[in-house]
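This report walks through selected features of one protein chain. Please look at the sequence and the structure before reading on.

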Amino acid sequence: ATSGFSRGEGGSGHRAAGSDAERLGCGRGLVASELRVDVLSWGFALASQLSRYKVLILPAVCVLSREEVLLFSSWAENGGRLIVSANASGLQELLGLETSGKIEARGACNYLTTSADAPSWLGFAPSELLPDWTRALVVTECGASTLARFHEPTFGQYNPLSPLSHAAILHHQIGSGETIFFAGNIGETYADYGLPALKKLM
C-alpha cells in the first residue's frame, strides 16, 4: 500500500492509513486527552531506554526489521502494553491475528459494537454502539480476543443498523504484557472528524 489515500478508498494492501496522517491523528488525540507522551525515533526506541516506558504506540508503522519485531515482542512479554493501529505487517504473531490483505472502505457513517464481555479498561460498556473509522484492515483472530466488531458498511445516512462483521479491536495477552490492535485508521479518522469516542479509545 502507498502512503496516499483518498477518504473513501478501499482495496488491497497491509496498511489502512498513511503513516503521517495516522501518527498526526493519534498525536492530536493524546494531546487532547492531556496525556504526557514522548515521541521516539527508531534509534531511541531500539535503545535500552525503551524499558522506561509502560505503553508504546505504533500508528501505521510501514516497515519493521526482524530485530525490531523481536525487541517489541520481548518488551511486551515483560509487561509492556503495545498499541498498534492501521498496519499489522510483521506483527501478526505478536498481535495474535492474521491479515487478509484487504482494506475495506467504510465511509463516515458506520459503526462498531464492543463485545459482550468488553473489559472496563476499554472505557465503554459491553455491547455499546460506537462510531468507527473510515478504512478497515480486514483481519481474523489467531490467539487474540475481540473487544469490538465492525458492522457491515453502509453508505449514506439513516440506514438500518447492519449485521456485525470482522474484528475492529483485538487484545492479545503475551507473557506479562499485552497488545491492542485497532484494525484501521482510527488516528486519521479522529484528525478528520474529531469524534470524542475515538479520542477516548486512543
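A residue is called buried when its relative accessible area is under 20%, exposed when that area is over 50%, and partly exposed in between, with a 1.4 Å probe and protein chains only.

## Basis of the report

The model is predicted: local features need pLDDT of at least 70, side-chain atom pairs count only at pLDDT 80 or more, and totals for chains, interfaces and linings use all residues. Residues are numbered from 1 along each chain as its sequence is written, and side-chain values use heavy atoms, with hydrogens and water left out.

Helices (H or I, at least four residues) and strands (E, at least two) are DSSP runs, numbered from the N terminus.

## Aromatic cluster

Rings of Phe, Tyr and Trp (its six-membered ring) pair if their centres lie within 6.5 Å; planes under 30 degrees apart count as stacked, over 60 as edge-to-face and the rest as tilted. By this rule there are 2 aromatic pairs. One of them joins tryptophan 133 and phenylalanine 150 edge-to-face, with 5.7 Å from centre to centre and 80° between the planes. Tryptophan 133 lies in the loop between β6 (129-131) and β7, while phenylalanine 150 lies in strand β8 (residues 145-151), so the pair ties together parts that are 17 residues apart in sequence. Tryptophan 133 is buried, at a relative accessible area of 0%, and phenylalanine 150 is buried, also at 0%.

Tryptophan 133 also forms an edge-to-face pair with phenylalanine 182, at 6.1 Å centre to centre and 85° between the planes. Phenylalanine 182 is buried because its relative accessible area is 5%. Through these ring pairs, Trp133, Phe150 and Phe182 are linked into a cluster.

## Charges over rings

A charge sits over a ring if NZ of Lys or CZ of Arg is within 6 Å of the ring centre and within 35 degrees of the ring normal. Arginine 81 lies over the face of tryptophan 121, 4.7 Å from the ring centre. Lysine 200 has its charged end over the ring of phenylalanine 124, at 4.6 Å from the centre.

## Strand β3 and its partners

Two strands pair if DSSP finds at least two bridges between them. Strand β3 (residues 81-85) is mostly covered, with 4 of its 5 residues buried. Strand β2 (residues 55-59) runs parallel to β3 and is joined to β3 by 5 bridges. Within this pairing, arginine 81 in β3 stands opposite valine 55. Strand β10 (residues 177-182) also pairs with β3 in the parallel sense, over 5 bridges. Here leucine 82 has threonine 179 in β10 as its bridge partner.

Together, β2, helix α3 (residues 66-77) and β3 make a right-handed β-α-β unit. A crossover is right-handed if, with the strands pointing away from the viewer, the path from the first strand over the helix to the second runs clockwise.

## Helix α5

Helix α5 (residues 186-193) has Ile186, Gly187, Glu188, Thr189 and Tyr190 as its buried residues. These pack against α1 (19-32), β3, β7 (135-141), β10 and α6 (196-201), where contact means heavy atoms within 4.5 Å. After α5 comes glycine 194, with a positive phi near 65°.

## Tyrosine 111

Tyrosine 111 belongs to strand β5 (residues 111-114). A relative accessibility of 37% makes tyrosine 111 partly exposed. Apart from neighbours within four places in sequence, its contacts include Arg106, Leu129, Asp132, Phe150 and Leu161. Histidine 151 is 40 residues from tyrosine 111 in sequence, yet their C-alpha atoms are 5.7 Å apart in space.

## Positive phi in loops

Glutamate 34, in the loop between α1 and α2 (42-45), has a positive phi near 60° although the residue is not glycine. Glutamate 34 is exposed, at 71% relative accessibility. Tyrosine 158, in the loop between β8 and β9 (164-174), likewise has a positive phi, near 65°. Tyrosine 158 is exposed, with a relative accessible area of 81%.

## Cysteines

How many disulfides are there? The count is 0, where a disulfide is a pair of cysteine sulfur atoms within 2.5 Å. Cysteine 109 is partly exposed at 29%, and cysteine 142 is partly exposed at 44%.
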